Structure formats: C-alpha cells, structure tokens
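Q: Can you walk me through this one? I'd like to go sheet by sheet, then look at the pocket.

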Amino acid sequence: MSYEFIEYPDRDMLAIDLANQLSDDLEEALRHDTRAALAVPGGTSPGPVFDSLCGSDIDWSRVDILLSDERWLPEDHERSNTRLLRQRLLVNRAAEARILPMYAPKSEPEEALAELESLILPELPLAVLLLGMGEDMHTASIFPGADKLDEALSPKAPVLVPMRAPGAPEPRITISARVLDGALRKHVLIFGGAKRDALEKAKGLPATQAPINAVLNGAKVHWAE
C-alpha cells in the first residue's frame, strides 16, 4: 500500500490548495463523463475547503454530491452533516449541483437502505472522494469495534452499511470501504499532530484495527498542523 503525503505550512494554504485539486479532478472527470460524483466527509474540518471549492468555475449542474457517511438525524438537526453540506458547499456556484441523500425520514437506517442505494448506484464509481480520519483511525463511519465493521470492510459489501459504534449517540449510515476505495481520485484531509501520529500508527495494521487502511492505497493525504 502506498499513498502521497502532502504537508502544508498552515490550514488556510491546505484548504485553498485542496479545493483547487478537487476542482481540477472534477473538471477532468467531466471531460470524460456526462456526470461526476463527489463524496465528502461531514464534521467541521472540511468546512474551509468547501468555502473555496463552492466558487470553482466548473459545470456544477453535472456534479452529484454526497456524504461519505451521515448520522441518522433529520437534515435540520444541528448534528446533521447534510445541514453543514448545504450551508458550506451547496452555495455559490456549487448550488447548481445535485445532492444525493444519505438520510430518509424512517426510524432506522435499515428501513431506507434500498431507497438511498438506488439513487447512488447509477452514479458509481465515485469520480472524486474526500475523506477525513479520526484519531482512532476510523474513516467515514467505519469505526473499529462498530457492529457491522466486517460487513463495511468486505469486498462484497453493499454500497451502504448501517453502523452503530461505541460512543456514537445515534445510528449512522456509511458508504462501504469497497465503494470508497473504488473512487477514481482519492484525498484524505487530516489536521494536527495526533492525527499524523495515528496515520503513522496505522501502518501495517489490519483494516479491522485501522479502517483508514482500507482506502489509503493510491490516495493523497493532505496534512497541516
């Protein structure tokens, strides 16, 4: 397994450069295909990247945007990643993009899997992927110790896997490692010394202990303190 590690002098420089790379990747994908799917993480880290990316001069009307994972919460909930996506990425020029939902108004994610997968499947493979990583070496909602970790890591995994992890206050839904790893262009965004140490610690570990290893091969890892 090999990946490219790119170190930046500060987070602002990282956000601008990464946004430019994502824009270039999407533009290249649209030269060859009618549409391009971009999968992105939730949380606060990618916010500055979104702020730059949303103004990129590409044909956003041909771009499908989806989250790599989502908490099973209504879109107007303060912890909803979709809410953040609408506030920070689906604005400016990128408001023309189509969002592929990762939530439906059902009590449990299992009740909506078929419906949500049916919208994502025609847009695969992902043209461009941006992921984050936790200090526990999880990525998307593929957590060490989660109830369906083995299913999410399986080479025969479905597109979406419902996930319940220790310490997570609500169920989640995640794109499986198979689909994430199949993205044509992969980027990972991490900040701070602890996450850089975690990335180093992940080397040589099985994906069950370090799920990030299931998607790292061929990726670009973008890091700033």
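A: A definition to start: buried means under 20% relative accessible area, exposed over 50%, and partly exposed in between, with a 1.4 Å probe and protein chains only. Helices (H or I, at least four residues) and strands (E, at least two) are DSSP runs, numbered from the N terminus. This is a predicted model: local features need pLDDT of at least 70, side-chain atom pairs count only at pLDDT 80 or more, and totals for chains, interfaces and linings use all residues. Residues are numbered from 1 along each chain as its sequence is written, and side-chain values use heavy atoms, with hydrogens and water left out.

Q: What sheet has E8 in it?
A: An open, antiparallel sheet of three strands, in the order E4-E8-E7. E4 and strand E7 (160-163) are the edge strands, each pairing on one side only. The twist averages 20° from one strand to the next. Two strands pair if DSSP finds at least two bridges between them.

Q: How many bridges join E4 to E8?
A: Three, with E4 and strand E8 (residues 172-175) running antiparallel. Asp69 has Thr174 as its bridge partner in E8.

Q: And how many between E7 and E8?
A: Four, also in the antiparallel sense. Here Arg172 in E8 stands opposite Met163.

Q: Which helix lies across E7 and E8?
A: Helix H4 (residues 113-120), running at about 140° to E7. Axes are lines fitted to C-alpha atoms, for helices over the stretch in contact, and angles run from 0 to 180 degrees between N-to-C directions. Contact means heavy atoms within 4.5 Å.

Q: Next sheet. What is the strand order in the seven-stranded one?
A: E1-E10-E9-E6-E2-E3-E5, an open sheet with parallel pairing. Strand E1 (4-7) and strand E5 (98-99) stand at the edges with a single partner strand each, so one side of each has no neighbour in the sheet.

Q: How many bridges for E2 and E6?
A: Two, with strand E2 (residues 36-40) and E6 parallel. Ala39 has Leu129 as its bridge partner in E6.

Q: Which strands does H3 lie across?
A: Helix H3 (residues 81-88) lies across E2, strand E3 (63-67) and E5. H3 runs at about 140° to E3.

Q: Which strands supply at least two lining residues?
A: Strand E4 (69-71), strand E6 (128-132) and strand E9 (185-191). The largest share, three residues, comes from E9.

Q: Last one: where does Thr208 lie?
A: In the loop between helix H7 (193-202) and strand E10 (220-224). Thr208 counts as partly exposed because its relative accessibility is 38%.
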